[in-house]
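This note sets out, point by point, what a first reading of the structure shown below may take in. Please keep the sequence and the model at hand while going through it.

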Amino acid sequence: MNVALFIPCYVDQFYPQVGIATLQLLERLGVQAVFPMEQTCCGQPMANAGCEADSIPVYHNYVRTFADFDYIVAPSGSCVYHVRKHFNIIEQTPAVKHVRERTYELVQFLTEVLGVTSVDAEFPYRVGLHQSCHGQRGLRLASDSEMSPSRDGHLSRLLKQVRRLELVELDRYDECCGFGGAFCVSEAAVSARMGQDRVADHVKNGAQVITGGDVSCLMHLEGIVRRQKLPLRVMHIAEILTATT
Amino acid sequence: MLQRLRLYRISETIFLQNLTHMTHAQAAKRFTADVDRTTWHDGALWFVRQKRDRMAYSLPEWEELRELASQIKNHTLSRLDEYLEEFERNATANGIRVHWAANAQEHNEIVLQIIRQHNGKRLVKSKSMLTEECHLNPFLIKEGIEVVDTDLGERIIQFNDEPPSHIVLPAIHLKKEDVGQIFHKHLGTPEGASDPQFLTETARQHLRGHFVAADVALSGVNFAIAETGGFVVCTNEGNADLGVTLAPVHIASMGIEKMIPRLDHLGVYTRLLARSATGQLSTTYTSHFHRPRPGQELHVIIVDNGRVEQLGRPDFRASLKCIRCGACMNTCPVYRRSGGHSYDYTVPGPIGSILSPNVDLKKHSTLPFASTLCGSCSDVCPVKIDIHVQLYKWRQIIGGQKAMPAGKRVGMQLLAKVLARPRLYARLGRVARRMLASTPSALTHNGTINPWAIAREMPEPPKQSFREWYAANQK
Ligand code: SF4
């Protein structure tokens, strides 16, 4: 199996540890993933801002970079959703179709492709899981409160396998954190307020660590946690699934 | 970089000055500035959303119902002309007088004409978002007609001279203390009295006189049934029934999208509507009107006002499936924290943000961006409108027509250029991280230059990007 790592632009620049954890996690599960240097971004920042036509060269760069791999795995549900859903505006060549079908969110890849049901990790903390909307409602990686009373999903199922990890229940299981790409600056007031409310929910329910499958949401939440100097860590799920004590 | 940021600011200022009203972001900023009220507003609507959830969860066939409701509406919209004509034929045969209005002006004039034909002076009105959309009240008042909204929430905001902030809960932005204040001013209740029961009773007594004196009663329409030529009005307060039962003339205003083909289909929608709207099993009153009662005149005004144009847009046609339950507002994390008035459109919230650009793209060009595209609206919507997909599509139209600040457009073009060139991207990324690391925090965290920093720290730039680490450690 020929697997490529897609590390989205902002993860590459600001959260290299998430990329490293992703690589290690895959390695431990017997997958030797490679990181093609030509990759940059999925094009979502421009597209969500209403300029998807500008993103077309970025889409082509993505397709060129990854077309020869069996699977493309990214530690970010939002970027994966973008590739799958919004690469529909370029000609649907076999290569384009291939990367759209084969780009996977990390946990989705572990559970759906590798069939992983347990992980060898230990993390003795109370953890709050932030459901990132594009992973949850976009890729349907978890049930959502609009459609079902169930509170189940790929990420929570794996987290429950981590030794000594306690998953806390939140008042609002799946409310958006308010990052939203350019929204976080164009609608800064509402975005900030949404993030503050999300963080407060985790604090109120005793979380020591906030985790999730999307670094963009986590970056936003971490920014708030650090501004408010809260005793809370924000970590990507790959960092928890590779944790040992 | 600073220069570019400044340019961006200037172009945005010019763009905003060209708009004669506040952008959503500006209005939302004002709303959120009152932290406690924002908390209260968010909580009040979240409470309604949770009531709706309990109702939805209690029906195992919920998703099936949504699918059915969606398909019936899709079908109806695909042959709307036929169903409207069938409705007109059957309604006319029942003795209902059917009028057609191409736009708001025509609608308002038809209403006025009917009132004048009866030498009427006083109109009582139950809830109708369409008449809000047509700005009927100011039009009639200018013509010397007394207009009294009889829905409690509508009456409150009518006193307060403001538009509704929610389509189902028009006065949800007001606390009971605010309502007490308004009633004190307009109905002479004791200062400081804010007991909801007392205020409701006061309103009831006040409205009673208006009901009795009304010459004409106007209601909205929730569903018009082609097969029977009748229509259905769903309310909770009974005010619609009281109004139209007492007045010698009943006018019902409906948008063309209110059609359903058959009476059999009605149950699908009445089961979804109240559950989605307020978490009730059904509305307190579900009143069927099929013919005028003896001695009464019954008019139906069928209004286009831009709907046909929306019907002609394949990407946005589905927005006409809306049954105006308001669930997408209650669920929207942005709406809950910015208030209905921040949208500056008759229908606020997610659905308003996909309807309004059809009406005036320039004026409402910031609304499709007043969303994180979280998708909660689409999943809560009882008729499965793909709201967040349409928000994304409106964004592309706005971007394509340059109806956005030039600075934003240029910025996005530059960003795209960099991201399409891997080596340039890697180099610039390194430079940007170094700059961020070496620029004093007072500058990087200045909220005017960098809105991110109003409430958030910037990520700490690491020494190595992932690709730099990978190049050094792998291979
Ligand atoms: S769009 Fe859907 S959820 Fe929103 S008001 Fe209309 S029917 Fe209700």
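1. D12(A) is buried, for its relative accessible area is 0%; buried means under 20% relative accessible area, exposed over 50% and partly exposed in between, with a 1.4 Å probe and protein chains only. D12(A) forms a salt bridge with R467(B), and the closest N and O atoms are 2.9 Å apart; a salt bridge is a side-chain nitrogen of Lys or Arg within 4 Å of a carboxyl oxygen of Asp or Glu. The pair crosses between chains, running from helix α1 (residues 9-14) of chain A to helix α23 (residues 466-473) of chain B. Helices (H or I, at least four residues) and strands (E, at least two) are DSSP runs, numbered from the N terminus. R467(B) is likewise buried, at a relative accessible area of 6%.

2. On the basis of the note: this is a predicted model, in which local features need pLDDT of at least 70 and side-chain atom pairs count only at pLDDT 80 or more, while totals for chains, interfaces and linings use all residues. Residues are numbered from 1 along each chain as its sequence is written, chains are lettered from A and ligands numbered from 1 in the order in which they are written, and side-chain values use heavy atoms, with hydrogens and water left out.

3. Chain B holds 23 helices and 10 strands, and its C-alpha trace spans about 90 × 55 × 45 Å along the principal axes. Of its 475 residues, 59% count as buried. Among contacts (heavy atoms within 4.5 Å) with a separation of 6 or more in chain B, 73% are between residues 24 or more positions apart.

4. How many residues does each chain bring to the contact between chain B and chain A? Chain B gives 77 residues and chain A 74 residues. The area buried between them is about 6200 Å², with carbon and sulfur atoms giving 59%; buried area is the accessible area (1.4 Å probe) that two parts lose on being put together, summed over both. Y392(B), R456(B) and F466(B) supply 12% of the area that chain B buries against chain A, more than any other three residues.

5. Within chain B, R307(B) and E257(B) form a salt bridge whose closest N and O atoms are 2.8 Å apart. R307(B) lies in helix α14 (residues 307-311) and E257(B) in the loop between β7 (249-255) and β8 (259-260), so the pair ties together parts that are 50 residues apart in sequence. R307(B) is buried at 8% relative accessibility, and E257(B) is buried at 5%. Elsewhere, salt bridges that share partners join a set of residues into one network, including R137(A), D174(A), R52(B) and D379(B).

6. Two loop residues of chain B deserve a look at their backbone. D344(B), in the loop between α16 (333-338) and α17 (349-359), has a phi near 50°, a positive value in a residue other than glycine. K384(B), in the loop between α18 (376-380) and α19 (387-400), has a positive phi near 55°. Most residues other than glycine have a negative phi. D344(B) is partly exposed at 36% relative accessible area, and K384(B) is partly exposed at 30%.
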